[in-house]
2 protein chains.
Amino acid sequence: MSEVLAKATQAKNAARHLASLSSQIKDMALEAMAAALESEADRILQENQKDVDAATAAGRPKAFIDRLTLNKKRISDMAEGLRQIKALPDPIGETISAWTRPNGLEVAQRRVPLGVVGIIYESRPNVTADAIGLCIKTANAVVLRGGSEAINSNQAISSVMARAACKAGIPEGSIQLICDTDRKSVIELMQLNGIIDVLIPRGGAGLIRTVVENSRIPVIETGVGNCHVYVDSECDPEMAVNIVVNAKTQRPGVCNAAEKLLIDKKAAPELLPVIAQKLREAGVELRGCPEAARYVDGLIPAAEEDWYTEYLDLIMAVKVVDGIDEAISHISKYGTKHSEAIVTTNYFKGRRFTQEVDAAAVYVNASTRFTDGFEFGFGAEIGISTQKLHARGPMGLKELTTIKYVVLGNGQIRK
Amino acid sequence: MSEVLAKATQAKNAARHLASLSSQIKDMALEAMAAALESEADRILQENQKDVDAATAAGRPKAFIDRLTLNKKRISDMAEGLRQIKALPDPIGETISAWTRPNGLEVAQRRVPLGVVGIIYESRPNVTADAIGLCIKTANAVVLRGGSEAINSNQAISSVMARAACKAGIPEGSIQLICDTDRKSVIELMQLNGIIDVLIPRGGAGLIRTVVENSRIPVIETGVGNCHVYVDSECDPEMAVNIVVNAKTQRPGVCNAAEKLLIDKKAAPELLPVIAQKLREAGVELRGCPEAARYVDGLIPAAEEDWYTEYLDLIMAVKVVDGIDEAISHISKYGTKHSEAIVTTNYFKGRRFTQEVDAAAVYVNASTRFTDGFEFGFGAEIGISTQKLHARGPMGLKELTTIKYVVLGNGQIRK
């Protein structure tokens, strides 16, 4: 039996016992895992150093090595993250709704764990701790498959956490890390329907596409955001400037950052030069349509491809549009259904935008950067879903659960 | 452009306009479609006759031809089904929950259509009317791909309905039927992620497996049910007999029918002969384990494969188990997570069974046959999901929706 199949099967067996654990035991395990990360920080850092050395020797870029590198502060942040998860209410066991049928059957829709969650991710070792914490809180067994570059760090983190969890009463086998970092192990993992209940890829667009295209297990697609801010002809100009600059520059490398500015042709002559200047002051490279070039000196012409692109960088493409209709049509054609914003003082346009734009989050007069589990108040986040099934938008603990119908009778049979 | 791509694209374009239609228009369209089915019944029956003739000439089995054949009564049943859907509350636009963040952002989780729903099905023409009705009620565009054997019937039904819907104000293009019945058109349909939002296969296990394994679009898996009834040592014997016989025989060809009887070894000597006799009187062929053979004359030995099999027929396999632990383990190993029942008078065993058995529906002292959208009180059913993502168990109108976060601000930016 391969490592992947053996570990996934162990996780499945553990999941059955996990499902009926009390909140108390899960929370004790989260505290124990946090404490273990702190007390074994030296060992984890030692293992992490091996990964960092290998990446350095391989000539990996600085940003990559930065994402990979752990230190005492980052380890205590990981522990703090687990304690925050512990503090959240336990979603498992909630009766979402219940009713009695005319024949006396009592039907209850109850929240239960998914079972076994598979997480495929790249080089950030903190994902290991985070994913384990979220899964244990929701009574799911977890099978982790991280990138080869972080394998030593991931092994250290997951073994420290698994041992602590086990001592606190979590069934053995609940936490699994695939050590085989060959690409084949990912492919094998994606075929295990019947054993793994859901796959969540966390990483770049290439990883996510591979999983969506090849998995036989239901996938929750996360991540890609080609987000727009539409500045209407009727708007508060200062608010428009602030929102566009914030949405683009506050953290350009993330999925809820804006990539495109759409501006009404009536607002463009006065407002576009101001917005463009502020964006450039913040280091943003501007591209745009010919109409936009009339108001922005030295604007780089945008190619058709630009309108589809998630730059994840200090680049923004600007298009002058003929009102809200063209704005909504453009978003419908080029958007990725992640986060879309309108800046307007007009009640009806605000309302139309929220109704007609098809996206996980639609904003009136606020930055797209708020699409986030913490900003929405969920207290945790496993990713941001850009699909429509099961979960849409920021995913918190509830999105790691499913339901079960519990039906109580006194001998009812169907007539 | 192929027929599949062209029609799916038209559906996608229509979906945007469908999403903001009022309940009134959708309900008027449902009434108009029902009336049109009735007023054009003769034309539909003429087209259906072509399919029936072809199936007869091809030597198709009687049950197949029966499923395919329409008559006035079946057409008025289809119309009645549409009127029942019309009478249900509209789920679209519901605010599921809403809250205000400390920074003043108002966040609302609102129920919206999925967008474009693809339905792949086999030879029952009534699925055409039913699927169109459910999708229009939930403001989804629909792309139908029915079996080649019913193509004339499906074309007649969908064109009558599409014309009536359009006149009532449903955007043109919302209802699409793929006329190309070559297998390739199914394969092409399954690749259209970004255009079709969800695929629901309705049909036999082979069709469902093909879709699950090949689709790049999220799929809602329906159907397979290897359901168990566990008769505990502590139970009301009469209730046990009634539930087992009902679960097996009331309609053996459907997914919520029981396929397996598990009986506690303490109950078996007295109760198993009685149950076996009643089952045989109802025409059930019994198979079983060696222990069960001690109490049932002429019991056919069950092979390992039997424990995995969904017979969909008057066949039942019996296993004598050592209490609830072995029963739960057996269900965990061989079950399909559809519907599972325990018959017991013991409070603690009933509670354990509902907690530890992982299935869409778990029953205490009732027949598994109740896992059904109508029996649960949903008023409609698009299928029974056996997966854990998005929908589990009977799917009603709500399962054809997703959510959108509507976020209203007054200039909030992220710090």
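How many residues does the contact take from chain A and from chain B? The contact takes 56 residues from chain A and 56 residues from chain B, where two residues are in contact if their C-beta atoms, placed from the backbone, lie within 7 Å. This is a predicted model, in which local features need pLDDT of at least 70 and side-chain atom pairs count only at pLDDT 80 or more, while totals for chains, interfaces and linings use all residues. Residues are numbered from 1 along each chain as its sequence is written, and chains are lettered from A and ligands numbered from 1 in the order in which they are written.

On the side of chain A that touches chain B, strand 16 (401-412) gives the most, with eleven residues. Helices (H or I, at least four residues) and strands (E, at least two) are DSSP runs, numbered from the N terminus. Strand 16 of chain A also pairs with strand 13 (residues 361-366) of chain B, in the parallel sense over five bridges; a pair needs at least two DSSP bridges between the strands. Look there for A:V407, which stands opposite B:Y363.

Now for chain A by itself. Its secondary structure comes to 14 helices and 16 strands, and its C-alpha trace spans about 70 × 70 × 35 Å along the principal axes. Of its 415 residues, 54% count as buried, that is, with 20 or more other C-beta atoms within 10 Å of their own, C-beta atoms being placed from the backbone. Among contacts in chain A between residues at least 6 apart in sequence, 72% join residues at least 24 apart.

Technical notes:
Buried ≥ 20, exposed ≤ 12 C-beta atoms within 10 Å, placed from the backbone.
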